[in-house]
Amino acid sequence: MTLAVRRAALTIVAVLPIISAAVRAQDAARQPEAGEKILTAACQSCHDSRHVDTQALDEEGWTKVVKGEIARGAEVKSDDVPVLVDYLARYHGPLPEGPGKDVVLNICTQCHDLQRVRRTRLDAEGWAEILDTMLNEGAPLTEKDFAAVLRYLARNFRP
Ligand code: HEC
Ligand code: HEC
């Protein structure tokens, strides 16, 4: 081995642990967070996630739901309750009141969660384009729902 080749080899060996640590960190980032794991384990034995996806509640609201579901038989350790409630309040938090909210909760949750909606900020024209795309994807939006949800999104999720 020439010196240059040996140096290159040594460099690769030195860099490998850094790369694998980075890959591990990415894997860790892809892991579901603690609250999501609790939700999957405790909340999907009796019904699917629609009951959760179609709610938009704050911490107090979710605390009530979780207590009620525990009374119904959901198994959540008491230490896990705040972790679950925190997760629910972040991912299924309150949405502004108003006509169209029910459409968002019932229709826009059928193919993806509402994080896509929550993180988007557009004017009416932009939202109309998104809704047209969703229609093409197969979203079952009536004309009446389309108008209501467009007004709701343009008012509450504007730039
Ligand atoms: C032991 C069975 C069981 C488990 C486990 C369970 N649920 Fe339920 N849940 C029910 C039943 C029964 C209903 C009533 C509606 C139905 O029949 O689907 C319900 C309804 C709901 C509703 C709708 C309430 C409403 O007023 O519309 C929400 C929200 C909900 N569950 C959330 C959860 C969450 C969050 C968990 C986990 C902590 C959970 N559930 C675990 C049985 C269960
Ligand atoms: C029939 C399935 C379906 C329904 C129902 C649906 N969507 Fe989507 N939505 C999709 C798909 C698939 C994508 C990803 C499209 C893409 O990435 O190009 C998407 C992506 C999005 C995005 C991200 C677009 C972007 O470019 O960042 C938004 C915002 C969105 N949907 C809003 C909504 C709203 C609002 C509703 C309710 C009116 C809704 N969706 C209902 C299938 C659906």
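**Helix packing, nonpolar cores and ligand shells**

The axes of helix 2 and helix 5 come within 8 Å and cross at roughly 100°, an angle that makes helix 2 roughly perpendicular to helix 5. In general, two packed helices are described by the angle between their axes and the distance between the axes. In this structure, which is a predicted model, the contact brings Ala34, Gly35, Glu36, Ile38 and Leu39 of helix 2 together with Asp80, Val83, Leu84, Asp86 and Tyr87 of helix 5. Sorted by class, the residues of the contact between helix 2 and helix 5 comprise six nonpolar, one polar and three charged residues.

The chain as a whole has nine helices and zero strands, and from the N terminus on its elements run α-α-α-α-α-α-α-α-α. Of its 159 residues, 11% count as buried. Among the contacts in the chain with a separation of 6 or more, 73% are accounted for by residues 24 or more positions apart.

In soluble globular proteins, nonpolar side chains tend to be buried together. The largest nonpolar core of the model has nine residues, namely Ile38, Leu39, Cys43, Val52, Trp62, Val66, Leu84, Val85 and Leu88. Helix 2, helix 4 and helix 5 (80-91) are the elements that give two or more residues to this core. A second, separate core has seven residues, among them Val103, Val149, Tyr152 and Leu153. Two of the residues in the largest core, Ile38 and Leu39, also belong to the part of helix 2 that meets helix 5, and Leu84 of the largest core is likewise one of the residues of helix 5 in that contact.

Two ligands are present in the model, and each is described here through the shell of residues around it. Around ligand 1 there are 15 residues, of which Cys43, Cys46, His51, Gly73 and Ala74 come nearest. The elements that give two or more residues to the shell around ligand 1 are helix 2 (34-43), helix 3 (50-53) and helix 4 (59-72), and the largest share, four residues, comes from helix 4. By class, the shell around ligand 1 consists of eight nonpolar, five polar and two charged residues. Cys43, one of the residues that come nearest to ligand 1, is also a member of the largest nonpolar core.

Around ligand 2 there are 16 residues, and those that come nearest are Cys108, Cys111, Glu137, Gly138 and Ala139. Helix 7 (115-118) and helix 8 (124-137) each supply at least two residues of the shell around ligand 2, with helix 8 giving the most, four residues. The shell around ligand 2 divides into 10 nonpolar, four polar and two charged residues.

Several individual residues were also examined for their surroundings. Pro82 has its place in helix 5 and counts as partly exposed, because it has 13 C-beta neighbours inside 10 Å. The C-alpha atom of Pro82 is separated by 9.9 Å from that of Trp62, although the two residues are 20 residues apart along the chain. Trp62 is itself listed in the largest nonpolar core.

Pro94 is found in the loop between helix 5 and helix 6 (101-106) and, with 13 C-beta neighbours inside 10 Å, counts as partly exposed. When residues up to four places away in sequence are not counted, Pro94 touches Ala56, Leu57 and Asp58. The C-alpha atoms of Pro94 and Gln55 are separated by 8.1 Å, while the two residues are 39 residues apart along the chain.

Glu129 is found in helix 8, and it is exposed because 11 other C-beta atoms lie within 10 Å, where 12 or fewer is the limit for an exposed residue. Its C-alpha atom and that of Leu150, 21 residues apart along the chain, are separated by 10.0 Å. Asn156, by contrast, lies in helix 9 (residues 143-156) and counts as partly exposed, with 17 C-beta neighbours inside 10 Å. Between the C-alpha atoms of Asn156 and Glu97, which are 59 residues apart along the chain, the separation is 9.4 Å.

Note on methods. Residues numbered from 1 in each chain as written. Chains lettered and ligands numbered in written order. Predicted model: local features only at pLDDT ≥ 70, side-chain atom pairs only at ≥ 80, totals over all residues. Near = placed C-beta within 6 Å. Nonpolar A, V, L, I, M, F, W, Y, C, P; charged D, E, K, R; others polar. Core = buried A, V, L, I, M, F, W, Y, C linked by C-beta atoms within 7 Å. Buried ≥ 20, exposed ≤ 12 C-beta atoms within 10 Å, placed from the backbone. Axes fitted to C-alpha atoms, helices over the stretch in contact; angles between N-to-C directions. Parallel < 35°, antiparallel > 145°, perpendicular 65-115°, else oblique. Contact = placed C-beta atoms within 7 Å.
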